[in-house]
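Dear colleague,

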Amino acid sequence: MTIAKRIFFTSISFFVFNSCASDSNEQSVDDRLDTLLSKMTLEEKIGQMNQYSSFWDVTGPAPKEGSTAKQFEQLKNGLVGSMLNVNGVENVRKLQQIAVEETRLGIPLIFGFDVIHGFKTISPIPLAEAASWDLEAIELSAKNAALEASAAGINWTFAPMVDISRDARWGRVMEGAGEDPYLGSKIAHARVKGFQGDDLSAPTTIAACAKHFAGYGFPEAGKEYNTVDIGAPTLHNMVMPPFKATIDAGVRTFMNSFSQLNGVPATGSKYLQRTLLKEKWNFDGFIVSDWGSISEMVAHGYAKGDNHAAELAINAGSDMDMESHLYVNELASLVKEGKVDPALINDAARRILKVKFELGLFDDPYKYCDEAREASVIGSQSNLSEVLDLAKKSIVLLKNENNVLPLAKKGQKIAVIGALASDKTSPLGNWRLAADINSAVSLLEGLKAYSGNTITYAKGADLTTGKTEFVSDLTINTTDTSGFKEAITLAKKSDVVIMALGEHAMQSGEGRSRAYLGLPGVQQELLEAVFAVNKNIVLVLSNGRPLTIPWAAQNIPTILEGWHLGTQSGNALAQVLYGDYNPSGKLPMTFPRSVGQLPLYYNYKNTGRPSPVNPGEVFWTHYIDQKNTPQYPFGFGLSYTTFGFSKPIVNNTYNQNKQVTVSVKVTNTGKREGKETVQLYLRDIYASVIRPMRELKGFEQVVLTPGQTKEIIFTLTEQELGFFNNQQKWLVEKGDFEVYVGEDSQTINQVNFKL
Ligand code: BGC
């Protein structure tokens, strides 16, 4: 710290200690909170519950009556507790200075930002990270994101999104960990640990936010913000576990959801926010609304107007209002009219202030405002190599017929085709507010870094035309095929064709539901045209959700799932294509054959007619025009080597010590070193509430050299063997269980046991 800064800091902290909480060091946070709250007016407490977006960036629709001048005035009057979408030390410092120096009590702001998959250095999108199944690497990714964001003045991220979803039409699946609550819970825990570390007051960690509580991932028809109607078993066994995992990891904030759950908007749900989260789970952090979700309760048909919406939200337990402007406008009069108990305002303000204390903002409101740190940390070399590591681990090999991959490193003529191959922004994914445009390594650049082959490029066709912005609709090229000729000519002359096809990053994410999940625009046509002249194609997919690619799955010999992999995308893909990294990713979400199968997920329940009794009869659960099975199942992913599994052995000592162990031997049966993610699935064959056909209940990653064998032992306890019944009671029921251990959710390597 420079001397000038130190003097400045000392005078500020003197001001804060003296105005907010005297004798800070001796007092507990609770005492300091009491002292502070006793000095605050009702309006100042409500001010803490008011959050505005920055005056220059938005991540949602701007409110109709949202004058910047008025917001600045409110900030100066201590009527704003938090800002979002502000970044950079200079900007944060400016606003913090107003809060600390110009308001009556000098309470610092908390600065929120969507640090979802990296900050400036971008990691793979969360769905891709989940495909790595590597909890340590995922935790590290969140830690690095926090490191960069905190160096840019931010102290709170709106992540992790832990919404389980089974419907690839919903664009936000890119932001979650996929369809499975067990994997989702492990990842949710890792992400919170990564962001928050062990010490929230350290200048390098930031508060995390579990979102969107709850059910947002189950919108009807996969349509954004749509109605959610799910029963108790799904809510408690599928949706809730990852949220509970964030509580166990010590998450400090929650965000509610835009959607309604079983007839009540999540934002107005007392059951979700007060009964379950704050009372049953003892959550003592705070809940922020989603962007404008308090006022949206009017359109939902739940609140009769703005004033009523504010009343419903606070009574239900929403502590902070993001961008509805309703708490600041309505709450004081609601209290005066006796419609809102002032104790609820006290409780909400206290929760928010508590997190500010825990972050250390009262001790030093500028602790995240260090220009020297900002300059040295953001985009550092070590972060670049860590995002590269995770990007490689996130890639999933879906098909490798004839072993086209890995590519030979020299002597080949390689054609690269597709607009996404040279795109340096789309690989950054959907949430990359702080990243520089064009800052990703493109696939083409990554491939060219290996100099032994001749690499030539033809775009073939544009994927998009016009702007590709976070807030706006995208225009897809559905007509212009004028570049096909060049691509076909090039393909004819080449030994191998790498086709980079899929979705632009702005085709997935919030507000980006799709009704068709094939390759957008003219890409399918381009693929087939190139295939007609050269069948030796490696299809490298970029996408933020599972796609339907039945033709490619049948015809193209080699398919690599490359998601949106972040800053190091091209390098990661090239290393996998050339075999410097042996692909190890496994799908965290089922890939359907067609949209009509959705929602499609591996942990489905059997019907009473799961298969035909007599061949040829229609009376069973099926489509007359599509298979029941997916294109690629949950947990699926190939390697350049192969693995074999022994039959699992069960050691059932449940009656003695409440545990069952399952052991299996895994052998690398191929010719290269490789990593396998060994997955254990359980089926409780009959139960008082029907259980899924299979549920993931354990996984472990092993790296094996050719011929090497390793034994893995899984332990199943009450936690893995039980479930919530319809009365929300946790039960482990006696009876027969099936265990499957193998390479993906369709493994047939099975053994049974009885409890
Ligand atoms: C999203 C949230 C996000 C918030 C702030 C909303 O539109 O649903 O997930 O954190 O905006 O950007």
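The notes below cover the basis of the values, then a sheet and its helices, then one further helix.

This is a predicted model, in which local features need pLDDT of at least 70 and side-chain atom pairs count only at pLDDT 80 or more, while totals for chains, interfaces and linings use all residues. Residues are numbered from 1 along each chain as its sequence is written, and side-chain values use heavy atoms, with hydrogens and water left out.

Helices (H or I, at least four residues) and strands (E, at least two) are DSSP runs numbered from the N terminus. Three strands form an open sheet in the order β5-β6-β9, with parallel pairing, where two strands pair if DSSP finds at least two bridges between them. Its edge strands, β5 (209-213) and β9 (286-288), each pair on one side only. Strand β6 (residues 253-256) runs parallel to β5 and is joined to β5 by three bridges; Phe254 in β6 is the bridge partner of Ala210. Helix α10 (residues 270-280) packs on this sheet, touching β5, β6 and β9, with contact meaning heavy atoms within 4.5 Å.

Helix α14 (residues 342-359) has 18 residues and reaches 26 Å from its first C-alpha to its last, close to the 26 Å expected at 1.5 Å a residue, that span being 1.5 Å times one less than the number of residues. Just after α14, Gly360 takes a positive phi of about 85°.

Best regards

Note on methods
Axes fitted to C-alpha atoms, helices over the stretch in contact; angles between N-to-C directions.
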